[in-house]
There are 2 protein chains.
Amino acid sequence: MSEIDKKITCDMQSALEVLGGKWTFLIIYTLLDGKKRFKELERAVIGINTRMLVKDLKTLEEHRIVKREAFATIPPTVEYSLTEKGRELEATMRALNNWTIEWFYKKD
Amino acid sequence: MSEIDKKITCDMQSALEVLGGKWTFLIIYTLLDGKKRFKELERAVIGINTRMLVKDLKTLEEHRIVKREAFATIPPTVEYSLTEKGRELEATMRALNNWTIEWFYKKD
């Protein structure tokens, strides 16, 4: 394995540490069509629980993939959106979605 | 959320159940450049242990993403390669790799 390949694998491994979870892709995919509130995200990502959503959003924020904005409304509201870095994952998401539609259920 | 969006999310969720693990992407990415023996894969996917590699390869085989071929050599040898369905994940892998190189380490 060449040194370059090793670097690529290590870099992708670091990225997958952040993105690799089953829910993370779906959170990012859901935010592709615009900012969402916590409850909206929780409804859209079918099967996720509150604790997992809080944890994954925090990780995505730490890595500047998701942005959290709080508004001093009454009651206060919080919105989540993709940063530029997050939006750049669209190509990956669309490619995965295309593969899923065309290939995932094929058996032969 | 439209019915179509729900279906997309459910389908991607099923695909991510199979692909979502941190190691699975790396196994597929490593097999993109050709068939590998078990030990070759174990060395290439830095940090994976034997048990995880056995488990992930089995899952990928069950979903016809990876093919396992045994040869009656002495000692017997086994090779793993991507099926057509597996190779179609190349676009997703390349997109993720491009994002990783260009964006993953960016902080602002």
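Author: The buried residues of helix α2 of chain B are W23(B), T24(B), F25(B), L26(B), I27(B), I28(B), Y29(B), T30(B) and L31(B). Buried means under 20% relative accessible area, exposed means over 50%, and partly exposed lies in between (1.4 Å probe, protein chains only). Nine of the ten residues of α2(B) are buried, so the helix is largely enclosed by the rest of the structure. Helices are DSSP runs of H or I with at least four residues, strands are runs of E with at least two, and both are numbered from the N terminus.

This is a predicted model, in which local features need pLDDT of at least 70 and side-chain atom pairs count only at pLDDT 80 or more, while totals for chains, interfaces and linings use all residues. Residues are numbered from 1 along each chain as its sequence is written, chains are lettered from A and ligands numbered from 1 in the order in which they are written, and side-chain values use heavy atoms, with hydrogens and water left out.

Now the partners of α2(B). Its axis and that of helix α6 (residues 90–104) of chain B come within 10 Å and cross at roughly 105°. That makes α2(B) roughly perpendicular to α6(B), a term for angles of 65 to 115 degrees. Axes are lines fitted to C-alpha atoms, for helices over the stretch in contact, and angles run from 0 to 180 degrees between N-to-C directions. Contact means heavy atoms within 4.5 Å. From α2(B) come F25(B), I28(B) and Y29(B). They meet T92(B), M93(B), R94(B), L96(B) and N97(B) in α6(B). The residues of this contact divide into five nonpolar, two polar and one charged. Here Ala, Val, Leu, Ile, Met, Phe, Trp, Tyr, Cys and Pro count as nonpolar, Asp, Glu, Lys and Arg as charged, and the others, Gly among them, as polar.

D56(B) lies in α4(B). It is buried, with a relative accessible area of 7%. Leaving aside neighbours within four places in sequence, D56(B) is in contact with W23(B), T24(B) and I27(B).

Turn to chain A. The axes of α2(A) and α4(A) come within 10 Å and cross at roughly 70°. That makes α2(A) roughly perpendicular to α4(A). W23(A), T24(A), I27(A) and I28(A) meet M52(A), L53(A), D56(A), L57(A) and L60(A).

How do the copies relate? Chain B can be laid on chain A with an RMSD of 0.0 Å by a turn of 180° and a shift of 0.0 Å along the axis. The two copies are thus related as by a two-fold rotation axis. The superposition is by least squares on the C-alpha atoms of residues with pLDDT of at least 70 in both. The same surface serves both copies: 100% of the contact residues of chain B recur in chain A.

Finally, the core. The largest nonpolar core has 62 residues, and L19(A) and L19(B) have the most contacts inside it. Such a core is a set of buried Ala, Val, Leu, Ile, Met, Phe, Trp, Tyr and Cys residues joined through side-chain atoms within 4.5 Å. Beyond neighbours within four places in sequence, L19(A) is in contact with residues including T24(A), F25(A) and I28(A), and with L96(B) and W99(B).

How values were computed: Angles under 35 degrees count as roughly parallel, over 145 as roughly antiparallel, 65 to 115 as roughly perpendicular and the rest as oblique.
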